Amino acid sequence: MEYKLINPDNYERVIDHLRRNFFADEPLNRAAGLCQQGGGNKELEHHSLATLHDQLSLMAVDERDGSETYGQIAGVILNGVLHPGDTEQALDKLQYSSDINYKKIFELLYRHSLQVDLFARYDVDRIFDVRILSVDSRYRGQGIAKELVKRAELVARQSGYHLLKADATGIFSQKILRSQGFEPFSEQLYAKYTNEEGLIILPVEAPHIKLQLLTKQLKYDNDK
Ligand code: ACO
């Protein structure tokens, strides 16, 4: 497997990978019925492309000699930069979205994030935000997601970030991030995320039970 930074030449292929995998089978997307496997979603594609433009994202490409699937994208990790005020702005903008399912998902993510000011808490002015971790179903269980997280940290380090953050929506991504030194910061049980009538807004399937916000601080030799 080759791990590479995603450049603009690959954006279309990455979106195609996400349509066939993450868009349909990430736990919240699945609970909201966001889209069919292989189908697109305008808002999520826009969100993914905006993240790609930050040029911090990586892909795993199958370049095993003689492989029938040579050249396929096996997995991606899409990372973006988060500045103070970005999440508040994104939440405001969300009110104008006409995609009710997309809105349900991102309202949960943004509102949960806004419960704490990570910038003040960690004394940073930018955060390396791990937004999308996705492995093609044909390549799962081979350690690719773990390796993508490991390498994302190297990218963050090369760019001098002091804080990484991720909103992990499922039990496996939470485990993977913890195995790479991320620490749970806050959680939201899906069963307790309800509307005014007490109905669960996102009926996420087991074994996934909660959203977990995880962080990892990076230390450098010249840090005081
Ligand atoms: N069942 C049991 N264990 C699992 C599973 C599973 N379905 N998936 C991963 N694991 C465990 C592995 O056993 C392994 O544990 P170990 O190190 O103790 O052996 C560990 O998690 C790491 O597994 P990887 O092989 O690195 O994970 P993989 O490459 O299969 O990718 C991923 C995992 C990204 C969650 C993949 O299943 C996927 O793309 N799912 C759909 C999209 C999704 O949910 N993405 C995460 C959302 S959160 C976010 O994007 C920030």
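**Ground rules.** I number residues from 1 along each chain as its sequence is written, and I use heavy atoms for side-chain values, leaving out hydrogens and water. As this is a predicted model, local features need pLDDT of at least 70 and side-chain atom pairs pLDDT 80 or more, while totals for chains, interfaces and linings use all residues.

**Salt bridges.** I searched for a side-chain nitrogen of Lys or Arg within 4 Å of a carboxyl oxygen of Asp or Glu. The structure holds 14 such salt bridges.

I looked at Asp62 and Arg64 and found their side chains bridged at 2.9 Å, N to O. For burial I went by relative accessible area: under 20% is buried, over 50% exposed, and in between partly exposed (1.4 Å probe, protein chains only). Asp62 is buried at 0%, whereas Arg64 is partly exposed at 39%.

I then checked Arg138 and Asp136, which meet at 2.8 Å, N to O. Asp136 is buried at 2%, and Arg138 is partly exposed at 46%.

I took helices (H or I, at least four residues) and strands (E, at least two) as DSSP runs, numbered from the N terminus.

**Aromatic pairs.** I counted rings of Phe, Tyr and Trp (its six-membered ring) as paired if their centres lie within 6.5 Å; planes under 30 degrees apart are stacked, over 60 edge-to-face, and the rest tilted. Searching the whole structure gave me four pairs.

Tyr122 and Phe185 have ring centres 6.2 Å apart and planes at 50°, so I noted the pair as tilted. The pair joins helix α7 (residues 118-122) to strand β6 (residues 183-189), 63 residues apart. Tyr122 is buried at 18%, and Phe185 is partly exposed at 23%.

Phe128 and Tyr161 have centres 5.4 Å apart and planes at 75°, so this pair is edge-to-face. Phe128 is in strand β4 (residues 127-135), and Tyr161 is in the loop between α8 and β5 (163-168), 33 residues away. Both residues are buried.

I also found Tyr102, Phe106 and Tyr110 linked by ring pairs into a cluster.
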